[in-house]
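Please keep the model open while reading.

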Amino acid sequence: MVEPGVAAADAHAAGSEPSPFGVTSRKLAIWMFIVADAATFAALLFAYGYVRVANPDWTRPFAFWPSIANAIVMTVILLTSSLTMIGAVLAAQAGRSRDALRWLVATMGLGTLFAGLHLREWSSMIGAGWRLFRNPLGGTPLVGATFFGVTGLHLLHVVSGVAVIGVIALGYRRGRFDAGHLETTGLYWHFVDLVWMFVFPLIYLLNLR
Amino acid sequence: MFSVDHKVIGRQYLDLALVAVFTGMVLSWLMRFHLGWPDTPIPGLGKIAPGGAAGGVMTPEYYLALMTMHGTIMVFFVLTTAPFAGFGNFLLPIQVGAEDMAFPRINMMSFWVTLVAFLVLVAAFFVGDQPPLSGWTAYAPLSAVGKDAGPGQGWGQTLWAISIGIFCIAQLLGSLNFIATTLDLRTRGMSLARMPMATWAWFITAVIALVAFAVLMPACILLILDRVAGTSFFIPGGLVISDQLQPHTGGSPLLWQHLFWFFGHPEVYVAILPGFGIVSQILPVFARKPLLGPKVFIACLAAIAFLSYTVWGHHMFLSGMNPFSATLFSVPTLVITIPAAIVTLLWIGTIYGARLRFTSASLFALGFVSVFVSGGISGFFLAQPSTDIYLHGTYFVVAHFHFVMGVAAMFGIFAGTYFWFPKMFGRMMSETLGKWHFWLTFIGVYCIFMPMHYLGLAGNVRRYSAFTDDYLQPLIPLHRFITIAALVTGAAQLIFLYNLIRSRLRGPQAPDNPWEATTLEWSTSSPPPHDNFGGRRPVVTQGPNEYAVAGPGGRDYIMQAESR
């Protein structure tokens, strides 16, 4: 498949050797960012696993209802938002910019919904006495520390992702950005989704009471 | 000043490193003086640090603070910024025939973020009672519990963690740019196989740095959380420090060590691999012979990059790891010496039988090989848990890492400076001063660090601010010898500084290709124009190693952009 971004990049870098991966620098950079960010999350999840194994008094905070159910809904929302992002990229590549914008708005809406549900969950946990340094169930306080730490970094990625999609959508409407920009943004968004597919089982399912 | 030109950014990185390296050197002078004459006041120090060195005699805590700042400044802001970010920024785009980096704005941002990180670190000198004292490795729980742990462990240590976290972001931005530029912006004919060795080294270093700093950043965030938000990632329960029971439970100091060294070991290759590249590019120029086995060289670099992620546990043999894990980490540590040794043999093979041209640049390149081998050999002893358990807490380790990653990387920086200064500023450096600088430094570093191996074998513990135990008394004269050598060698660096400034202002005009080298930076003017090649991009027809050949005009070399 010929990528729309590549032709523009070739014109820009006339007289260059072809890129070994046949992608634009922007796309290569986002892949590199994803590699680095994956290492960051891997380090955090490693830390989570380490302190979990090291603490025999680890307590599992989540009942199926409402915590896990809520997390399942959040998972479905985030997965769906990846689908709508694909819709935006495909529409943009086909030149249907109005459809692409609609899909982008849908993606932002789903991302915001995810963040909202997440924050509601956070506030109910904080209301129940959970802190970075306190476990109301009496076990090790690292349960709260790892939960808020890992999901907090992920939530930061979701919120900044929604903001970036907003910026890209505005620029796309004004013709400053093209389908290539949508695609690289999409890569990031799918990565945020992929990280959640690790967070959900490790942080939620393994902590089912 | 806020330039997006990679050449300006490269010089900014090098200027920052120059400020940092002299700061770090003065700190080491103070430490060495104290180790030789612990009761003698240092003139002026009492005024600068009334809390840590009242009357000019430093407290043990202040000694540790100097050690921490020396290590942090040197490793992060000298050995990472100069050979990798500094020279890499200036030269990588030119060497691949590009007009600039792939993302000039991100490139500019990476420098300014680095500068912010440096300023935050320096602020630790002025905020709170003294700088932090938990070493450049910031071992927990000392680094994590806050101000109860001693002077400097309040604000100072928090600033340390913030600074290094910021530094990680800068390195990620820089690495992204290096990788994208190398892969995407090579000019026509510059296939991967024709890339100069230094470009390969910077590229592979960027790949290492990309993942290593991405792991250090969350580690710093967790450390900050432990310090300011009350979490206990790195602090075990029931800890009593300064008679205070710490309100933490459940954390593990070993977790910090795992995260830190997963970054820390690749980091030493971030410091040294650019030196590999610089030396591999300089030696053939002055030997007038092609580098022996360039493809083997690249394969070795890649092997080192991969293995660098598998050896971090060798820093933790004493930390209470499972002995089986120690064996597991020992094996790849010994294996990684194989590619390193092969690279050394390639350098020796390159200069074997050559009629060397002795310049400051080639002398420092040869010096690099010498100190890298000297430091590398002690690595064999430290790679094995059985010997490391005795040696790890001693000066043997200080000697090892200063030779192999500190001094060797510095020699790479010096070689690169003498070699590329004409290209950077359009003026030649003084060779006479350069040779004085080389011989004083070369003899000096051996006088400083060679005896430290002996100190270590004799059981001289490291990290102590003064040696009062009976069994260490016979070693004090040796410490004084090292201190004098350190003061003299440090003073010799002023020759370098003077040479830099004088040549910058009054050096003779540099020709485009003063060393008769082949790579692309030598086919453009000195200094290169804003877009590097004056509006037209070169077309590459040769590899970088065309020396000792019948070139055009009776020359013994063919430049990369020349036809045969």
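What follows starts with conventions and then turns to the chains.

This is a predicted model, in which local features need pLDDT of at least 70 and side-chain atom pairs count only at pLDDT 80 or more, while totals for chains, interfaces and linings use all residues. Residues are numbered from 1 along each chain as its sequence is written, and chains are lettered from A and ligands numbered from 1 in the order in which they are written.

The secondary structure of chain A amounts to six helices and zero strands, where helices (H or I, at least four residues) and strands (E, at least two) are DSSP runs numbered from the N terminus. Its C-alpha atoms occupy a box of roughly 65 × 35 × 25 Å along the principal axes. Of the 209 residues of chain A, 40% count as buried; a residue is buried if 20 or more other C-beta atoms lie within 10 Å of its own, exposed if 12 or fewer, and partly exposed in between, with C-beta atoms placed from the backbone. Among contacts in chain A between residues at least 6 apart in sequence, 73% join residues at least 24 apart, a contact being two residues whose C-beta atoms, placed from the backbone, lie within 7 Å.

Where chain B meets chain A, the contact takes 35 residues from chain B and 30 residues from chain A. On the side of chain B, the elements that give two or more residues are α6 (155–184), α7 (197–228) and α8 (253–287), and α7(B) gives the most, with nine residues. That side divides into 22 nonpolar, nine polar and four charged residues, with Ala, Val, Leu, Ile, Met, Phe, Trp, Tyr, Cys and Pro counted as nonpolar, Asp, Glu, Lys and Arg as charged, and the others, Gly among them, as polar.

Within chain B, helix α3 (residues 60–78) has 19 residues and spans 26 Å from its first C-alpha to its last, close to the 27 Å expected at 1.5 Å a residue, the expected span being 1.5 Å times one less than the number of residues. Because 16 of its 19 residues are buried, α3(B) is largely enclosed by the rest of the structure. The axes of helix α1 (residues 6–36) of chain B and α3(B) come within 9 Å and cross at roughly 150 degrees, which makes the two helices roughly antiparallel; angles under 35 degrees count as roughly parallel, over 145 as roughly antiparallel, 65 to 115 as roughly perpendicular and the rest as oblique. By class, the contact of α1(B) with α3(B) has 15 nonpolar, five polar and no charged residues.

A second pair is formed by α14(B) and α15(B), whose axes come within 8 Å and cross at roughly 170 degrees, and which are therefore roughly antiparallel to each other. The residues of this contact divide into 13 nonpolar, four polar and no charged.

Arg427(B) lies in the loop between α14 (395–425) and α15 (431–457) of chain B. This residue counts as partly exposed because it has 18 C-beta neighbours inside 10 Å. Its C-alpha atom is separated by 6.5 Å from that of Arg504(B), although the two are 77 residues apart along the chain. Leaving aside residues up to four places away in sequence, Arg427(B) touches several residues, among them Pro422(B), Ser503(B), Arg504(B) and Gly507(B).

How values were computed:
Axes are lines fitted to C-alpha atoms, for helices over the stretch in contact, and angles run from 0 to 180 degrees between N-to-C directions.
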